[in-house]
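Have the sequence and the 3D view open as you go.

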Amino acid sequence: MKVIVFGASGMVGYGVLRECLVDPEVTQVLAVGRRPLGREHEKLTEAVVPDLTDLSTVDFTGYDACFFCLGVSSAGMSEADYRHITYDFTLAAGRKLAEVNPDATFTYVSGMGTDPNGRQMWSRVKGRTENDLLALPLHAYMFRPGYIQPMYGATSRTTLYRVLYKVLVPLYPLVKRIAPGAVTTTEQIGLAMLRVAKNGSPQKILDPRAINAL
Ligand SMILES: NC(=O)c1ccc[n+]([C@@H]2O[C@H](COP(=O)([O-])OP(=O)(O)OC[C@H]3O[C@@H](n4cnc5c(N)ncnc54)[C@H](OP(=O)(O)O)[C@@H]3O)[C@@H](O)[C@H]2O)c1
């Protein structure tokens, strides 16, 4: 299986990339982002694209799945800027994959509470992103994690989250006991993405329980 990963320099994408690299059924991974990862692996190739709404220089031919883990926190962002990264980048990748391989799988990391009619700006933007991805001629799946435990050295690119994780990581067993339906790990997300790419899933929208079950 050949897969594409967006956002592999981030916390979720790092975890997803790791699972792809260790899975013997994955033969090739194309990491797409705005800067090089600085990593070497026999399965890994990279495409550095300065403007991720223009993927004309990247060849998606022959790939079976795209795991889209790129995203930002909406904190301090205007709706237009947040929509540009959240909606425009994601749909550019989804449309391109649908064009070259409508049998392919596309997984998108949105978040718990995503709702196209929600009160919060981020949840509406992610909700519309999800809906438009689900309407594409593709096998699209929406991953809606809540709290994510970083594994195997995965680190957030967002300073605020890095600080929060310093506090929360040791409390993970407790968080898991108090809110088992809201927690998952970068490893479980990666494994679940691979599972839906290989076998599909009856659920198109996956909360942390569904992610962990996969
Ligand atoms: N972390 C959580 O607990 C959590 C929970 C629920 C949902 N999520 C969602 O999961 C997704 C990934 O989160 P994360 O924690 O992995 O975030 P992260 O560690 O901050 O990583 C963000 C990724 O997106 C890329 N990116 C951000 N802005 C970009 C831009 N303007 N152009 C190109 N690439 C850009 C980053 O690339 P650079 O390295 O080039 O900056 C990086 O690869 C987000 O949509 C987030 O909302 C996260």
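**Sheet, helices and ligand shell**

Strand β9 (residues 205-206) runs parallel to β6, and two bridges join them; strands are DSSP runs of E with at least two residues, helices are runs of H or I with at least four residues, and both are numbered from the N terminus. Two strands count as paired if DSSP finds at least two bridges between them. This is a predicted model, in which local features need pLDDT of at least 70 and side-chain atom pairs count only at pLDDT 80 or more, while totals for chains, interfaces and linings use all residues. Residues are numbered from 1 along each chain as its sequence is written.

**The sheet**

- Seven strands form an open sheet in the order β3-β2-β1-β4-β5-β6-β9, with parallel pairing.
- At the edges are β3 (44-48) and β9, each of which pairs on one side only.
- Strand β2 (residues 28-33) runs parallel to β3, joined by five bridges, and L30 has T45 in β3 as its bridge partner.

**Around β6**

- Four of the five residues of strand β6 (residues 139-143) are buried, so the strand is mostly covered; a residue is buried if 20 or more other C-beta atoms, placed from the backbone, lie within 10 Å of its own.
- β6 pairs with strand β5 (residues 105-109) in the parallel sense over five bridges, and T107 is partnered with Y141 in β6.
- Towards β9, the bridge partner of F143 is L206.
- A right-handed β-α-β unit is made by β5, helix α3 (residues 121-134) and β6; right-handed means that, with the strands pointing away from the viewer, the path from the first strand over the helix to the second runs clockwise.

- The buried residues of α3 are W122, V125, K126, T129, E130 and L133.
- These residues lie on the same side of α3 because they cover an arc of only 135° around the axis, taken from the directions from the helix axis to the C-beta atoms.
- In α6, the buried residues include T186, I189, M193 and A197.
- Just after α6, G200 takes a positive phi of about 75°.

**The ligand shell**

- The ligand is surrounded by 23 residues, of which S9, G10, V12, G71 and R157 are the closest; a residue counts as near if its C-beta atom, placed from the backbone, lies within 6 Å.
- Helix α1 (residues 11-22) gives the most to this shell, with three residues.

Conventions: Buried ≥ 20, exposed ≤ 12 C-beta atoms within 10 Å, placed from the backbone.
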